[in-house]
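User: I'd like to learn how to read a structure like this one. Could you walk me through a few features, giving the general idea and then the case at hand?

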Amino acid sequence: MNSWITPAVSASIASGLALLLAYFYIHSRHKERFFAWWTWSWAFYTLRNAFHLSDVLLGPTSWLPVLGHLCLVAQAMSLLQGALVMTGRSWPKHLTWTGCAVAAWVIFASVAGQSRYAAGVPVYVYAGFLQIWTGVFFLKLSRPRGFGDSLAGWSFIAWGAHKLDFPLLTTVPWFAPWGFIIGACLGMLAALGQLLWYFERIHQRLIVSEGRYRELFELAPLGIFLVSMRAGVLSANRKASAILGYEPHEFLGLNAQDFIHPEDLAAQPVSSTTGRLAPGQTVRVERRYRRKDGEYILAEIDLVKLHEEDRLLVIVQDVSELHAAMERVEESESRFRQMAEHIDQIFFLAAPDYSEFFYVSPAYERIWDNSPQSLYDNPASWLDNVHPDDVQRIKDLLSSALGSGQYESHYRVVHPDGTVRTVLARAFELRGPDGKPYRVAGSVTDVTERERAENDLRKSLAINQMILRHAPMGVCVHDGETRQCLVANDLLESLLEERMEQHRIDDFRNIPSWRKSGMAALAEEALAGSGPRRKEFRIRTPSGKELVLDCMFARFDVDSKPYLLLVVNDVTERVRMSELMIQSEKMMSVGGLAAGMAHEINNPLSGILQGAQVVQKRLDPDTPLTAQALREADLDSDAFRRFIDKRDIMGLLSGMRQSASRAAKIVADMLEFSRKGDSHHELSHLEDILDTAVELCSNDYDLKKNYDFRHILIEREYDPTLGPVECSPTQIEQVVMNLLRNASQALREHFEDGRQPKIVLRTKKDGDQARIEVEDNGPGMPQAVRRRVFEPFFTTKQPGQGTGLGLSVSYFIITSNHRGSIEVDSEPGVGAKFIIRLPMPGEADTA
């Protein structure tokens, strides 16, 4: 037995050691985790054989077989664990518990004195099962399967099956040597299969890696050459061909002298650059390379010394455009610096948190009264000159603007001499490809003078707006090109009774009121450059009010753009007063003429009255002289009386005297009315004034001819308790005559069917005032007429029948000359009543 087992076990130990060293070397080189487990498995395999050899040489012991069985269990578990790691699987926990149970059984069997057979059966069954499982993993590794994994798989299965036959064949003495040899061979075949599988795996990786390298080499964005110092270019990728214009095969055998510009080659030979390189070192140079077409490009070259002797990896990048762009950037930066150094604004470039300034233009020294170098030395020093009231606000602004992208702010800068300047600061962030800010660029402008000018302009605008708003005339400005209103004051809107919004939209030539009145045509004349234009226009407002407007149009230009100024002055009252004065002058002329005529008529009237009275006395037979004359003429006085009575001579003479007296009374009234200077106030009875006015109206030619005043019923309701009133009798007569004249006209038109027209005259005391009422039963007045009845030139009569001045003059006489009031109370269909109130004696002076 000992004759064969000792050398066999020794040979197994030697082969195990050889495998252990091989596996250990491979693991140390490639650092594969599954190889570490397999290295441990062959270590346990060698230890098991060493314990077995010791048991043979030293004689049977109880502990050496136990260690051998434990090594067998550890070997099988290490082999399976390596296969599991290799396939990316985890170790099943039940195998751990089973292995622990087997190890515990081995120890228990040895302590309990069990036979080696009884102790070894579970060990061989467990180890055989694990080795078969390991073989199955190898067979499932890949499709198609390689020779290495097939050899390892089937060898592990056979080896595991061989261990399972231990309970059957260990009792057959003649098979023991063969069984040991078969187990050792199967173990060697499994180990060899593992190595073959691993080498095949590395070979596949090398093929894949080479393919990837070739793909990377060809698709690289940079030109790549593999160069031999002796043989020249060995290979070149596509990008290299694109850069230099050669086909890949045309590079073969070419040297650096064939590409590099002679001047660059003379200045720095290739040998001086590559001779100092150690394997793995890289050097970068810039050279001018000649393309195949003869054109030179500027190339950035990386020379990498490879570990192979005289081999270089040359990486070429065409930087011609980059170099040109950099030159443009440098030129642009130079222009920027020249600009920044010659303008009044501060330009700066700083870190996002302002912890460092990279550039500050020289204007900083003028605005901050500090040098830019002070800002480079102390980035926070600029805050020292900021006005104390603005410092915290600026700090908060910078904190809130960090990361927001930009900011803009005004603040004040205080110079050492106390001068305060106002600046406008703007800044924005510069962001990198990752979207994060890496710089802040900005400018600071001294806006002190600009703000002062803006403040002055605002004040000027405010003053102009106040002047425009409170001007005593309407003012507006139109765009000379669009003819649209740009600005207008409230007074103009009030005068025209229309909002100016439509004027701001429409061309003034399309506005009906402008077009109809002729204002648009005059505005066009002014815009044509013929100088200012001025004219009075009569317009009617939307409410029906008639206005006379003095309009002045003038053109002015701002920045070669024309504008039109319109100044509107309401001269309605002035024009009406002018017309009233003309009418008054006419009336005064008529009054003067009437006074002259009255004086001329008064003389013959006196002769007629006197002659009629003398004739009447001389025809009276009862008078002594007439009786004497009758006797002398031998006439009977009774017969003469009968003749006088028969012919009604005395009646005719009485009628002649009455008519002459009436004519004298009319002449006296005309003289009284025509005395324009007789406007002094005196105590007068209103009843007498009213009666005189009625008498004058009764003898008025127009009233008798056109309005038949004698057929109007005049009712008088005088207050007997009303005393005299201090007034101008002639002016009050004029007012009452105007009221009677208007009433008679309205009554004639209203009572054409023959009904009785009536006018009621009343006087009474109304508190501390005397009240006169003139009431008629005519058609009355609607509200629109009643509201405007005292306006100058307002009339409801047909053209040529009235001037519209009567009631306005009456209103002026009562309110201005007598400090009283006049009003009208009327409704359509119920007549009209004019009410005049005059102060009682003593009130006019104190009113």
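User: Where in the chain is confidence lowest, and where is it highest?

Analyst: This is a predicted model, and pLDDT is the predictor's confidence in each residue, from 0 to 100. In this chain the lowest confidence falls in helix α30 (residues 843-846), with a mean of 42, and the highest in strand β20 (residues 769-776), at 93. The chain average is 79, and 87% of the residues score at least 70.

User: How should I treat the low stretch?

Analyst: Where pLDDT is low, the predicted coordinates should not be read in detail. Here pLDDT stays under 50 over residues 843-847, and the model gives that stretch six contacts beyond four places in sequence.

User: What end-to-end distance should helix α2 span?

Analyst: The idea is to count 1.5 Å a residue and compare. Helix α2 (residues 33-58) has 26 residues and should therefore span 38 Å; its end C-alpha atoms lie 37 Å apart, which agrees. After α2 comes Gly59, with a positive phi near 100 degrees.

User: Is Ala43 buried or exposed?

Analyst: Under 20% relative accessible area counts as buried. Ala43, which sits in helix α2, is buried because its relative accessibility is 16%.

User: How do the axes of α3 and α4 cross?

Analyst: For a pair of helices, look at the distance between the axes and the angle they make. The axes of α3 (residues 63-87) and α4 (residues 93-112) come within 9 Å and cross at roughly 170 degrees. An angle over 145 counts as roughly antiparallel, so α3 is roughly antiparallel to α4. Among the residues making the contact are Val66, Leu70 and Val73 of α3, and Leu95, Val102 and Ile107 of α4. By type, the contact residues comprise nine nonpolar, three polar and no charged.

User: What is the accessibility of Arg483 and of Arg819?

Analyst: Arg483 is buried, because its relative accessible area is 14%. Arg819, at 47%, is partly exposed.

Technical notes. Residues are numbered from 1 along each chain as its sequence is written. This is a predicted model: local features need pLDDT of at least 70, side-chain atom pairs count only at pLDDT 80 or more; totals for chains, interfaces and linings use all residues. Side-chain values use heavy atoms; hydrogens and water are left out. Axes are lines fitted to C-alpha atoms, for helices over the stretch in contact, and angles run from 0 to 180 degrees between N-to-C directions. Helices (H or I, at least four residues) and strands (E, at least two) are DSSP runs, numbered from the N terminus. Angles under 35 degrees count as roughly parallel, over 145 as roughly antiparallel, 65 to 115 as roughly perpendicular and the rest as oblique. Contact means heavy atoms within 4.5 Å. Ala, Val, Leu, Ile, Met, Phe, Trp, Tyr, Cys and Pro count as nonpolar, Asp, Glu, Lys and Arg as charged, and the others, Gly among them, as polar. Buried means under 20% relative accessible area, exposed over 50%, partly exposed in between (1.4 Å probe, protein chains only). The expected span of a helix is 1.5 Å times one less than its number of residues.
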